[in-house]
Amino acid sequence: MDLHLTGARPTPEEKDAVDLELGQPESSWQGAQRHGGADSRTSFEGNQKAISQRHLLLPLLHAIQNRIGWISEGALNYASLRLDVPPAEAFGVASFYGMFALAPRPPAVAHVCDDIACMARGSEPLCEELAEKLGPEGAPCAGGRATWLRSNCLGLCERAPAVLMIRAGIKAQQRVLAPATPDRVESLVNDAANDCMPAAPDVLNPQLSVPQEGSRKLALLRRVGKSNTTQIDGYQRLGGYEALRKAMELGAERVLAEITASRLLGRGGAAFPAAKKWEALYVQRERLKKDPTRKHYLICNADESEPGTFKDRVIMEGDPFAVLEGMTIAALVTGAEKGYIYLRGEYPLAAERLAHAIEAARWEGFLGEDILGNGMRFDIELRRGAGAYICGEETALFNSIEGQRGEPRNKPPFPTQAGLFRQPTVVNNVETLINVPLIVSQGGAAYASIGTENSTGPRLFCVSGHVERPGVYEVPMGTTLRQLIDFAGGTAGTGRLRAVLLGGAAGTFVSPGEIDVPLTFEGTRAIGATLGSGVVMLLDDSTDMKEILLRIAAFFRHETCGQCVPCRVGVVRQQEALQRLVEGRPAKSKADELAMLREMAQAMRDASICGLGQTASSALESALARWDLFA
Amino acid sequence: MKETTPATTPATPAQETSPLPLIPVPRGPVPQAPAEPERRMIEIKIDGHAVSVPEGSTILEAARNLGVDTPTLCFLESLTPVNVCRVCVVELEGSRTLVPACSRKVEPNMSIQTDSERVRLSRKLVLEFLASSVDVSTAPAFAGYMQRYGARPERFGDSAATVRQPVKIDNDLYVRDYAKCILCYKCVEACGVDAQNTFAIAVSGRGFSASIATEFQVPLPDSACVYCGNCIGVCPTGALMFKSEYDMRQAGAWDEPQQQQTTTICPYCGVGCNLIVHQQEGKIVKVTSPLDHPVTHGNLSIKGRFGWQFVQVEPAPK
């Protein structure tokens with residue numbers, strides 16, 4: 001296939017941004033001078049080389065967006081040329097992600113979260129005041145050098161309301177502002193417009209984000225906030241990498257046995273037994289030796305985008321090496337030699353700390369060709385998402401890494417059969433992976449004694465909304481919701497609880513009468529709820545539940561990938577029906593609208609390709625089952 | 001001795017008469033392509049009836065074997081199934097969700113319901129979702145399906161969001177009316193690896209505003225399009241349409257029942273693609289290609305699909 005490009009050419013700055021990411025083009029296939037190669041014959045191999053580079057498309061689009069602030073036709077043409085990707089497909093990928101602008105936009109953009117957790121903490125008055133101070137959303141301000149936009153959940157819920165400033169330029173910067181006030185946002189916008197933002201993207205304040213910090217009972221969070229844990233020496237002083245050493249002594253088979261004995265269930269939301277995934281790759285390891293084209297991949301799913309979820313962010317910022325150690329042990333069992341961390345694009349501090357940790361681990365021999373002199377080969381690449389909730393779905397995540405649109409694949413085949421690059425792949429959530437060193441250290445049986453029969457181990461909960469001390473809490477599974485709320489200082493706001501949202505936008509509401517539910521997979525299931533990704537969002541009785549439901553419906557409308565019909569149109573019809581109900585003008589009758597909503601929910605649950613569509617009505621249905629909101 | 005010479009050296013006289021060296025004809029049986037390995041038969045149950053189909057078949061194929069009519073929109077025999085429209089979903093025992101019949105391969109002892117209440121509800125909603133957001137007036141399959149499943153798209157009200165947008169007429173051969181697009185991905189597949197390998201179009205955007213587009217929505221003549229028209233051949237809704245058909249429809253002159261179809265062979269090259277010439281009132285109005293043709297699978301080139309005007313050029317007056 002020959003590429004056909006329009007006449008639009010990149011500016012020197014755009015070309016530079018691409019070349020900095022990929023290196024100078026070597027052949028005329030990739031946009032170099034016709035006789036540019038060393039022996040002027042490089043164009044013969046240039047194309048072959050380029051064909052395998054499709055997976056660099058997303059990093060390349062990031063590079064252009066970060067440098068210029070938007071992606072022009074000329075820049076996209078050049079990126080297409082360099083990677084030998086048809087420009088129509090490159091456009092399809094670029095236009096899929098929320099963080100990429102395909103029309104001119106000021107270089108500094110303040111993303112103001114107006115999602116449910118921030119709503120409960122004043123994001124609406126903040127947006128109103130910003131509109132007054134800076135002008136309407138999306139309009140240029142600060143001399144045309146900046147603008148502000150509303151955003152879905154930024155994962156900073158314990159410090160709501162939150163703002164993320166992203167400024168493009170030669171040295172692109174991201175800066176978190178949370179909690180945000182109109183004045184501080186205004187001054188940040190002006191700083192960004194004038195290129196004088198503070199260098200550090202954010203500071204992790206353990207007292208604020210981990211209220212239990214210092215408690216001796218902590219296992220998963222025990223290092224977060226301790227001095228130097230983000231440096232490899234500090235990590236090792238606090239027991240880091242002891243589990244990896246032990247795992248290497250035990251060998252893959254016994255480590256797998258320990259994980260199986262621990263009955264660890266995935267912490268990302270789907271609660272799938274971690275050992276089952278690992279075992280599926282473990283039993284295929286023999287084929288790796290026979291077939292050199294075969295590879296196993298390990299992916300750490302850090303695309304934490306479920307509204308109200310921020311536990312993974314706090315771990316990655318506060319204890320990044322624990323994630324790497326968990327991955328390395330997983331690689332030992334699964335035979336993966338390449339691992340990816342797919343991090344959501346809105347986490348600048350986590351990106352910085354993980355990148356540093358990967359470098360340091362390589363330097364010290366904890367990653368690379370011969371880990372700890374054991375002959376084991378494993379390395380990790382950090383990949384950043386670009387504002388697409390759906391990419392947290394594992395098969396969408398594969399497509400995203402491969403440089404395709406982040407659309408989920410139909411299953412089967414399952415990831416352990418054909419995942420990333422169609423090779424056997426294990427995907428584990430960040431929290432799941434940091435449980436691994438714990439299990440290896442103390443043994444699967446001891447780990448399984450924590451929690452309940454079917455929900456073992458400690459669990460992280462992201463407590464936010466109208467609560468006295470929001471933050472990440474670590475409690476043994478089986479702790480009741482009431483105990484957790486008490487831990488967090490009880491209901492704030494009016495002090496009278498109206499509802500708790502468990503599991504985020506794809507989760508369920510529970511009423512104050514249900515808060516004695518034990519926080520276990522089976523306990524929540526018994527009351528028709530879910531633990532999901534560990535979201536515990538409190539809403540006081542001043543909350544307008546209808547507004548919250550509308551915001552959730554808007555979230556799904558914004559985040560559906562659009563691939564399958566039930567989800568693509570269903571989330572729109574759902575939002576429209578809800579809007580009519582809220583405005584008190586149902587199409588026929590209230591009962592009719594509610595029946596229609598139930599029918600839509602059923603079809604979306606039954607016929608959607610992936611979990612997004614299947615759960616897009618879950619919160620709404622749980623609310624309708626508990627309260628008569630449209631009386 | 002003289003008489004036997006030709007028999008012992010048969011090649012000599014030929015060499016003398018022909019300037020080309022003879023290619024020796026191998027003796028023995030004519031070589032055959034290796035027979036396909038026999039496919040294991042898989043027993044499954046569809047609506048309670050046992051059916052045995054070769055391993056690797058899809059549920060859709062199995063259902064068709066049994067004579068069960070399964071609606072499809074994004075499925076086409078000649079393309080890789082993308083299972084996005086979800087109108088073919090069936091209920092599989094033991095599965096939490098419904099499964100797409102078009103792409104799900106049969107496994108031993110599957111038990112499938114093709115017309116259960118859950119199946120009918122999902123199919124009805126899929127049709128309602130599409131018909132309420134897309135102009136399906138030129139989609140042949142829709143009316144029948146909607147009647148069969150009792151779909152009432154009007155119940156979402158007049159203010160239901162649609163994908164309405166102006167029709168794109170930027171070349172002389174075909175028009176693109178994305179207000180009629182159900183995003184079945186077929187044209188993208190036909191333009192890409194499933195047929196043409198041109199990659200002029202792709203799905204762009206996200207969610208409800210996703211659409212089929214060239215890069216930055218540039219007009220087709222500026223894109224990589226080679227006007228093979230294979231995308232029109234696979235479009236199930238008339239979103240992609242021959243300019244000739246579009247113009248006649250606009251003028252109210254399109255009269256499908258009066259049209260005749262004649263199968264012939266493309267006159268341009270030696271491949272021998274079959275053409276179906278559609279004619280109305282003695283004039284060619286469009287040319288298509290049969291999907292089940294073993295060589296073309298419904299695909300044609302720009303010449304075969306669009307190069308027929310010479311047939312009906314009036315001779316210049318003398």
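Reply: Start with a helix pair. Helix α15 (residues 311–318) of chain A packs against helix α17 (residues 348–363) of chain A at an angle of about 40 degrees, with the axes 8 Å apart. The model is predicted: local features need pLDDT of at least 70, side-chain atom pairs count only at pLDDT 80 or more, and totals for chains, interfaces and linings use all residues. Residues are numbered from 1 along each chain as its sequence is written, while chains are lettered from A and ligands numbered from 1 in the order in which they are written.

Me: Why is α15(A) called oblique to α17(A)?

Reply: Angles under 35 degrees count as roughly parallel, over 145 as roughly antiparallel, 65 to 115 as roughly perpendicular and the rest as oblique. The pair packs at about 40 degrees. Therefore α15(A) is oblique to α17(A). The axes are lines fitted to C-alpha atoms, for helices over the stretch in contact, and angles run from 0 to 180 degrees between N-to-C directions.

Me: What is the hand of the crossing of α15(A) and α17(A)?

Reply: Left-handed. That word applies if the near helix is turned anticlockwise from the far one by less than a right angle; clockwise gives right-handed.

Me: Which residues make the contact of α15(A) with α17(A)?

Reply: α15(A) gives A:Arg313, A:Met316 and A:Glu317. α17(A) gives A:Leu349, A:Ala350, A:Arg353 and A:Leu354. Two residues are in contact if their C-beta atoms, placed from the backbone, lie within 7 Å.

Me: How many of these residues are nonpolar, polar and charged?

Reply: Four are nonpolar, none polar and three charged. Ala, Val, Leu, Ile, Met, Phe, Trp, Tyr, Cys and Pro count as nonpolar, Asp, Glu, Lys and Arg as charged, and the others, Gly among them, as polar.

Me: What makes α11(A) oblique to α19(A)?

Reply: Helix α11 (residues 242–250) of chain A meets helix α19 (residues 430–442) of chain A at about 60 degrees, and the axes are 9 Å apart. Hence α11(A) counts as oblique to α19(A). Their crossing is left-handed. In α11(A), A:Glu242, A:Ala243, A:Lys246 and A:Ala247 take part; in α19(A), A:Pro437, A:Val440 and A:Ser441 do. The classes are four nonpolar, one polar and two charged residues.

Me: Why is α25(A) called roughly perpendicular to α4(B)?

Reply: The axes of helix α25 (residues 590–607) of chain A and α4(B) cross at roughly 105 degrees and come within 9 Å. So α25(A) is roughly perpendicular to α4(B). From α25(A) come A:Glu599, A:Met600, A:Gln602, A:Ala603, A:Asp606 and A:Ala607; from α4(B) come B:Arg118, B:Leu121, B:Ser122, B:Leu125 and B:Val126. By class there are six nonpolar, two polar and three charged residues.

Me: How many residues of chain B are in contact with chain A?

Reply: 42, and they meet 40 residues of chain A. On the chain B side, α4 (117–133) and β7 (202–204) each give two or more residues. The largest share, eight residues, comes from α4(B). This side of chain B has 24 nonpolar, 12 polar and six charged residues.

Me: What radius of gyration does chain B have, and what would a compact globule of 318 residues have?

Reply: Chain B has 26 Å, but the globule would be near 20 Å. The C-alpha atoms of chain B fill a box of roughly 100 × 70 × 40 Å along the principal axes.

Me: How many helices and strands does chain A have?

Reply: Chain A has 27 helices and 14 strands. Chain B has nine helices and 12 strands. Helices (H or I, at least four residues) and strands (E, at least two) are DSSP runs, numbered from the N terminus.

Technical notes
Rg over C-alpha atoms; globule rule 2.2 N^0.38 Å.
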